[in-house]
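Thanks for making time this morning. I would like to walk through a few places in one model, and I will give the criteria as we reach them.

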Amino acid sequence: MPTRAELKANAKQALTGKWGKGALITLCYLLVMIGINIVVAILSFIPFIGLATTVVSIPIVLGIIYSFIKLKRGEEVGAFDFLKLGFKNFKRAWCLTGRTLQKMLAPIIVMCVIMVVMIISGGVAVFSALSAYGETVKNVDNYYDRIPSKGSFSFDYDFNDYEYDFDDISYNPYARSSTYSSNPYARNNQYSSSSSSVNGAKALASLGIATGSIILLFVLMIAMWGVSIWATVKGLLYALTYYIAYDNPEMSAKDAVQRSEDLMKGNRGKLFVLQLSFIGWGILACITLGIGMFWLLPYMMVTLVCFYEALAGGNNNGGEYAVNAQSVVNTPNNNQNMMSNTNNMNNQYNNPVAQNINNQVQPDMNQMQNINNTMPQDINNMNQAPQVTEYVPVNNDLNNPNDNNMNNNM
């Protein structure tokens with residue numbers, strides 16, 4: 001597997017003399033996507049109009065990948081060919097995407113469940129907090145309602161004159177009476193404590209629910225980050241699906257997705273680091289107000305094509321899975337090489353044609369392997385005939401004692 005520097009060098013070499021075309025394809029692609037988003041925004045009053053963006057975007061993404069594969073391999077490609085390539089393979093694009101989503105079903109379900117619980121927890125937290133605030137305000141209002149306003153007092157009383165008994169109902173309408181129920185301002189200790197305690201208990205309960213919901217919301221946010229990492233790592237297994245589909249137009253979507261998974265096992269970290277290595281270029285592209293993206297995107301896309309070809313075994317102009325039966329028959333005469341090549345073809349490509357050829361050749365390979373194991377000579381090249389002693393038949397005369405002795409010795 002080439003290093004990141006070698007992959008990028010290969011991409012630059014492949015783009016030599018094609019940077020302008022790559023930038024033009026990128027410009028057209030961005031204009032189309034921006035135009036789609038503008039149309040969707042204008043027609044946002046139509047129900048489910050946002051779904052149309054997703055329906056159209058998937059084939060366009062397939063088309064742009066196909067375009068850069070053609071650009072890298074020197075094939076003829078136009079600025080807007082990504083639209084033709086995408087919508088020509090509309091059904092295939094969605095079949096590939098559907099199979100990929102099927103593989104990603106577990107993290108998707110977990111993320112959806114977490115999002116639903118987060119929405120519920122957030123709603124409960126807000127409602128409980130408002131309820132606690134309302135109960136607190138109500139308790140405070142009740143407290144101040146039991147205290148007369150300043151204007152209700154009569155300051156004609158001489159408070160230094162102790163002949164007035166302020167606990168006497170006849171003189172003081174605000175006397176502390178627990179029995180004179182007609183006095184709305186009487187400081188009835190029993191009434192005051194009961195109403196205050198009820199409101200306070202409700203406020204504390206609501207505050208506790210709000211606090212618990214906020215804590216749960218925080219935990220769910222951490223869980224969402226974890227699931228997102230899980231989904232990203234798992235999604236890297238299927239990053240080469242569209243590239244494999246390009247080289248193998250007759251291959252089923254299921255096989256293309258599985259082939260991508262087989263290729264990416266043990267290589268996800270390499271692809272992730274390779275993608276991260278473009279962050280510096282991305283920052284520079286942003287500094288140029290996005291103009292640099294017209295050259296950065298072709299650079300990234302062609303580098304990914306180089307990464308795919310390195311894993312798949314070189315340039316796949318003829319199709320990664322196109323197996324020539326004659327080449328299988330005319331494999332090197334060395335039986336060890338025949339066994340190795342046939343097994344590699346079967347294990348790496350998992351193609352029905354290769355499987356059939358392998359099933360026909362495998363018994364002969366096994367027989368040759370047994371011969372090689374039993375013979376003392378190490379047959380390295382079957383073009384060279386093994387050295388054997390020629391057997392010359394002898395006319396054995398049973399009446400000749402010499403012949404009988406020779407026969408016994410043999």
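This is a predicted model: local features need pLDDT of at least 70, side-chain atom pairs count only at pLDDT 80 or more; totals for chains, interfaces and linings use all residues.

Let me start with Lys70, which is found in helix H3; helices here are DSSP runs of H or I with at least four residues, numbered from the N terminus. Residues are numbered from 1 along each chain as its sequence is written, and side-chain values use heavy atoms, with hydrogens and water left out.

Is Lys70 buried or exposed? Lys70 counts as buried because its relative accessibility is 18%, where buried means under 20% relative accessible area, exposed over 50%, and partly exposed in between, with a 1.4 Å probe and protein chains only. If we set aside neighbours within four places in sequence, Lys70 is in contact with Glu75, Glu76, Val77, Leu85 and Tyr246, contact meaning heavy atoms within 4.5 Å.

A pocket, on a 1 Å grid over the protein atoms alone with a 1.4 Å probe, is an open set of points with protein on both sides within 12 Å along at least five of seven lines, and lining residues have an atom within 4 Å of a point. Of the 20 residues lining the largest pocket, Ile65, Ala239, Tyr243, Gln275 and Leu304 lie nearest its centre.

The contact involves Leu7, Lys8, Asn10, Ala11, Lys12 and Ala14 of H1, together with Tyr299, Val302, Thr303, Cys306, Phe307 and Ala310 of H12.

Finally, two loop residues. Phe48, in the loop between H2 (19-42) and H3, has a positive phi near 60°, and Phe48 counts as exposed because its relative accessibility is 72%. Leu289, in the loop between H11 (279-287) and H12, likewise has a positive phi near 60°, and Leu289 counts as exposed at 78% relative accessibility. Most residues other than glycine have a negative phi.
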